Amino acid sequence: MVKLAPLRTELLEQVIQLSVAEQQLPYVGTIDEVLINADEHTHPHIVLKHDQVIGIFLIDMLYSQSYEFAESGSLGFRAFLIDQHQQGQGYGGKVMGQLRGYLAQHYPNHHSIYLTVNCKNTNAYQCYVKNGFHDTNECYLGGAAGPQHIMLMKLHA
Ligand SMILES: CC(C)(COP(=O)(O)OP(=O)(O)OC[C@H]1O[C@@H](n2cnc3c(N)ncnc32)[C@H](O)[C@@H]1OP(=O)(O)O)[C@@H](O)C(=O)NCCC(=O)NCCS
C-alpha cells in the first residue's frame, strides 16, 4: 500500500501540496524549503499511498562530507515528512520498514545511513528508533532548532 519512488516531475504538483503542522516547521521546514535542498547529490524520494503522494525525504550522497560524525561511504536521510493529514497512521513506520531494501536497490554502494532528529521531536525519534535506526547516543549541536540525536542504520546485515 505504501511505496517509495524517486520524485518524478509529473508528481511535483502533488508534492508541493505537502505540509506539516506549524509547530513541526522548525524540524523540517516547508515543502519549498525541502525541495530547494534537492540537487544532483541530494535526491528527493516520495512516499506514495496508492497513487497519492503523502510524503517525501531526501537522500544525501555527500552527507559524510558535510557532517564530521558520519563515516565516509554513508548516506544521509534528511527532510523526512509525512503530510500532516496522514500522520499518526503508521505510514512513517512503513517507510522505515522499506528503507533498507529501497536503498540497497538505489544506492548499492553505501554501507549505512545517518540522520539527526531534534531532541524535542519525540514522534519522529520514536518512528526511527522503532523501525531500524539506532541512537548512537551522540548529539549534534549544529541544528538551528536545538540539539539533535545522531541516529544510524546499517544497510548491509
Ligand atoms: C515523523 C513523521 C515522519 C512520522 O510519520 P507518521 O506517519 O506520523 O509516523 P507513524 O504513524 O508511523 O508513527 C511511528 C511512531 O511515531 C510515534 N508517533 C507518530 N505520530 C504520533 C503521534 N501523533 N502521537 C504520538 N506518537 C506518534 C509513535 O511512537 C509511532 O509508533 P507506534 O505507532 O508504534 O506507536 C511525521 O510525524 C512527520 O512528518 N513529522 C513532521 C516532520 C518531522 O518532524 N520530520 C522528522 C524530521 S527529522
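Q: What lies 2.7 Å from a nitrogen atom of the ligand?
A: A backbone N or O atom of Phe-80 does. A polar contact here is a pair of N or O atoms within 3.5 Å; within protein, one must be able to donate a hydrogen and the other to accept it, and residues adjacent in sequence count only if both atoms are side-chain atoms. The model is predicted, with local features needing pLDDT of at least 70 and side-chain atom pairs counting only at pLDDT 80 or more, while totals for chains, interfaces and linings use all residues. Residues are numbered from 1 along each chain as its sequence is written, and side-chain values use heavy atoms, with hydrogens and water left out.

Q: And which residues lie 3.3 Å and 2.8 Å from an oxygen atom of the ligand?
A: For Gln-87, a polar side-chain atom is 3.3 Å from a ligand oxygen. For Gly-88, a backbone N or O atom is 2.8 Å from a ligand oxygen.

Q: How much of the ligand's accessible area does the protein cover?
A: 73% of the 910 Å² that the ligand has on its own. Accessible areas come from the Shrake-Rupley method with a 1.4 Å probe; for residues, only the protein chains shown count as cover.

Q: Which elements give two or more residues to the shell?
A: Helix H2 (25-28), strand S4 (74-82), helix H5 (91-106), strand S5 (112-118) and helix H6 (122-129). Helices (H or I, at least four residues) and strands (E, at least two) are DSSP runs, numbered from the N terminus.

Q: Which one gives the largest share?
A: H6, with 5 residues.

Q: How many residues surround the ligand, and which are the closest?
A: There are 23, and the closest are Phe-80, Gly-90, Gly-92, Gly-93 and Asn-121. Near means that a heavy atom of the residue lies within 4 Å of the molecule or strand.

Q: What is the shell like by class?
A: It has 11 nonpolar, 11 polar and 1 charged residues. Ala, Val, Leu, Ile, Met, Phe, Trp, Tyr, Cys and Pro count as nonpolar, Asp, Glu, Lys and Arg as charged, and the others, Gly among them, as polar.

Q: Where is His-50, and is it buried or exposed?
A: His-50 sits in the loop between strand S2 (42-49) and strand S3 (52-60). His-50 is exposed, at 56% relative accessible area. Buried means under 20%, exposed over 50%, and partly exposed in between (1.4 Å probe, protein chains only).

Q: What about Ala-79?
A: Ala-79 also has a positive phi, of about 55°, and is not a glycine. Ala-79 belongs to strand S4 and is partly exposed, with a relative accessible area of 23%.

Q: Where is Asn-118?
A: In strand S5. Asn-118 is buried, at 5% relative accessible area, and a polar atom of its side chain lies 2.8 Å from the backbone nitrogen of Lys-120.

Q: And where is Asn-109?
A: In the loop between H5 and S5. Asn-109 is exposed, with a relative accessible area of 71%.
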